[in-house]
Amino acid sequence: MGFALGLFVGVAAEPMFSTADLDPPDTRTTATAFARNNGALGWSLMVIGFLTYGLGSAALLALNGFLTGQLLRALVVDQRLDAVATGLAPHAFVEVGGLVACAGAGVLFVHALLRRVVLHSAIGPRLPLAAAVTAAGGFLLIAVAALIEASWSTVALS
């Protein structure tokens with residue numbers, strides 16, 4: 001929800017930049033660099049989700065959505081629909097899914113902890129396991145998105 005709200009506001013807001021303002025893509029940028037960058041965001045979302053019970057990660061996802069909306073608007077205004085269709089859209093769906101999964105894993109971890117500590121409830125292995133599987137799936141999606149993003153940045157933006 002946070003990402004979608006940020007995306008809507010980013011597209012509707014006054015543009016902050018155009019594609020001419022962007023640095024030309026570095027053809028040496030690899031999927032590893034994108035995975036490291038987006039993986040760090042995934043970890044941040046998980047930790048912030050854990051510390052704020054999801055509120056901070058929703059705000060961070062909204063900011064990410066806003067910046068993505070601004071990029072989408074700049075590409076459309078500069079008539080770069082090819083870049084939207086071939087790169088931004090395919091990798092964004094996978095990446096956002098991974099980021100949301102990481103944020104959700106943080107909330108699941110803190111929920112399990114609060115249930116155990118505050119309510120003195122036996123949580124069993126299911127809730128922590130669900131959080132771990134959600135986090136693993138999120139980081140797998142982020143890795144796949146990095147492969148798409150590396151391919152797009154060297155081909156579509158050139």
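Predicted model: local features only at pLDDT ≥ 70, side-chain atom pairs only at ≥ 80, totals over all residues.
Is V118 buried or exposed? With a relative accessibility of 54%, V118 counts as exposed, where exposed means over 50% relative accessible area, buried under 20%, and partly exposed in between (1.4 Å probe, protein chains only). V118 sits in the loop between α4 and α5.

Residues are numbered from 1 along each chain as its sequence is written, and side-chain values use heavy atoms, with hydrogens and water left out.

The overall picture comes next. The chain holds 5 helices and 0 strands, and from the N terminus on its elements run α-α-α-α-α. Both kinds of element are DSSP runs numbered from the N terminus: helices are H or I with at least four residues, and strands are E with at least two. Of the 158 residues in the chain, 33% are buried. Among contacts (heavy atoms within 4.5 Å) with a separation of 6 or more, 80% are between residues 24 or more positions apart. The chain exposes about 8,900 Å², and carbon and sulfur atoms supply 72% of it; accessible areas come from the Shrake-Rupley method with a 1.4 Å probe, and for residues only the protein chains shown count as cover.

V118 also belongs to a nonpolar surface patch of about 930 Å², made by V47, F50, L51, Y53, F109, L113, L114, V117, V118 and L119. Patches are built from residues with over 30% relative accessible area and no salt bridge, joining like charges within 9 Å and nonpolar side chains (Val, Leu, Ile, Met, Phe, Trp, Tyr) within 5 Å. A salt bridge is a side-chain nitrogen of Lys or Arg within 4 Å of a carboxyl oxygen of Asp or Glu. Helices α2 and α4 (81-117) each supply at least two residues of the patch, and the largest share, 4 residues, comes from α4.

Located in helix α3 (residues 55-77), Q70 counts as buried because its relative accessibility is 2%. A polar atom of the Q70 side chain lies 2.7 Å from the backbone oxygen of G10, and the side chain of Q70 also reaches the backbone nitrogen of M16 at 2.6 Å. Such polar contacts are pairs of N or O atoms within 3.5 Å; within protein, one must be able to donate a hydrogen and the other to accept it, and residues adjacent in sequence count only if both atoms are side-chain atoms. Leaving aside neighbours within four places in sequence, Q70 touches G10, A13, E14, P15, M16 and F17.

Aromatic rings come last. Rings of Phe, Tyr and Trp (its six-membered ring) pair if their centres lie within 6.5 Å, with planes under 30 degrees apart counted as stacked, over 60 as edge-to-face and the rest as tilted. The count by this rule is 1 aromatic pair. The ring centres of W43 and F139 are 4.9 Å apart and their planes meet at 35°, so the pair is tilted. This pair links distant parts of the chain, with W43 in helix α2 (residues 31-52) and F139 in helix α5 (residues 126-155), 96 residues apart. W43 is exposed, at a relative accessible area of 53%. Helix α2 also holds A35, which is partly exposed at 27% and, beyond its neighbours within four places in sequence, is in contact with I142 and A146.
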